[in-house]
Amino acid sequence: MTPVQAAGRDLALASTQEGIFAFADRCTHAETRMSEGRLRACRIICPLHGASFDVRDGRVLGGPASRPLDTYPVRISGGYVEVLLPDPGATPAGGTVVR
Ligand code: FES
């Protein structure tokens, strides 16, 4: 996993056998950095209390967290990982692409 800052946000990138996924680098339970946790296939495990999430869609796989992680669309373009971040007030398809 790789922590990154983009457009004022803390993100994490996870490289898995299913591809690269981007998500908010904050556990929804108590704000710990998820990029310091462990990645097992597509399951990320929080380093503080052990909640787990699916990096593909952010859904909770195990408590104590109950809210999903925010996840963001990713594509590889010209050797860069591009992440589409939503702009406040943008249409569902709108947003900012960061590399
Ligand atoms: S801070 Fe992640 S499970 Fe508590």
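The legends below describe close-up views of a predicted model.

**View 1. The protein chain as a whole is built from strands, with zero helices and 11 strands.** Read along the sequence, the predicted chain follows the pattern β-β-β-β-β-β-β-β-β-β-β. Of the 99 residues of the protein chain, 18% count as buried. Among the contacts in the chain with a separation of 6 or more, 32% are accounted for by residues 24 or more positions apart.

**View 2. Strands β4, β5, β6 and β7 make up an open sheet of four strands.** The order across this sheet is β4-β5-β6-β7, and the pairing is antiparallel. Strands β4 (38-40) and β7 (60-62) stand at the edges, and because each has a single partner strand, one side of each is left without a neighbour in the sheet. From one strand to the next, the twist averages 30°. Strands of a sheet pair through backbone hydrogen bonds, in either the parallel or the antiparallel sense.

View 3. D54 and L69, which are 15 residues apart in sequence, are separated in space by 8.6 Å from C-alpha to C-alpha.

**View 4. Strands β2 and β3 form a hairpin with two residues between them.** The two strands run antiparallel and are joined by six bridges, with β3 spanning residues 19-24. One of the bridge pairs is formed by L11 and its partner A24 in β3. Strand β3 is also joined to β8 by two bridges, again with the strands running antiparallel, and here A22 stands opposite Y72 in β8.

**View 5. The largest nonpolar core has 15 residues, and F23, M34 and V55 are those with the most contacts inside it.** The elements that give two or more residues to this core are β2 and β3. Not counting residues up to four places away in sequence, F23 touches L11, A12, V55, G58, L69, D70, T71 and Y72. This list includes V55, which is itself named with F23 and M34 among the residues with the most contacts inside the core.

**View 6. Strands β9 and β10 form a hairpin with two residues between them.** Strand β9 (residues 74-77) and strand β10 (residues 80-85) run antiparallel and are joined by four bridges. S77 stands opposite Y80 in β10. In the turn of this hairpin, G78 has a positive phi of about 60°.

**View 7. Two alanines, A7 and A41, have a positive phi although neither is a glycine.** Most residues other than glycine have a negative phi, and most peptide bonds are trans. A7, with phi near 50°, is placed in the loop between β1 (2-6) and β2 (9-16). Because A7 has 12 other C-beta atoms within 10 Å, this residue counts as exposed, the cut-off for that class being 12 or fewer. A41, with a positive phi of about 55°, is found in the loop between β4 and β5. A41 likewise counts as exposed, because 10 other C-beta atoms lie within 10 Å of its own.

**View 8. The peptide bond from G63 to P64 is cis.** The omega angle of this bond is near 15°. P64 lies in the loop between β7 and β8, the latter strand comprising residues 71-72.

Technical notes: Residues numbered from 1 in each chain as written. Predicted model: local features only at pLDDT ≥ 70, side-chain atom pairs only at ≥ 80, totals over all residues. Pairing = 2+ DSSP bridges. Axes fitted to C-alpha atoms, helices over the stretch in contact; angles between N-to-C directions. Buried ≥ 20, exposed ≤ 12 C-beta atoms within 10 Å, placed from the backbone. Core = buried A, V, L, I, M, F, W, Y, C linked by C-beta atoms within 7 Å. Contact = placed C-beta atoms within 7 Å.
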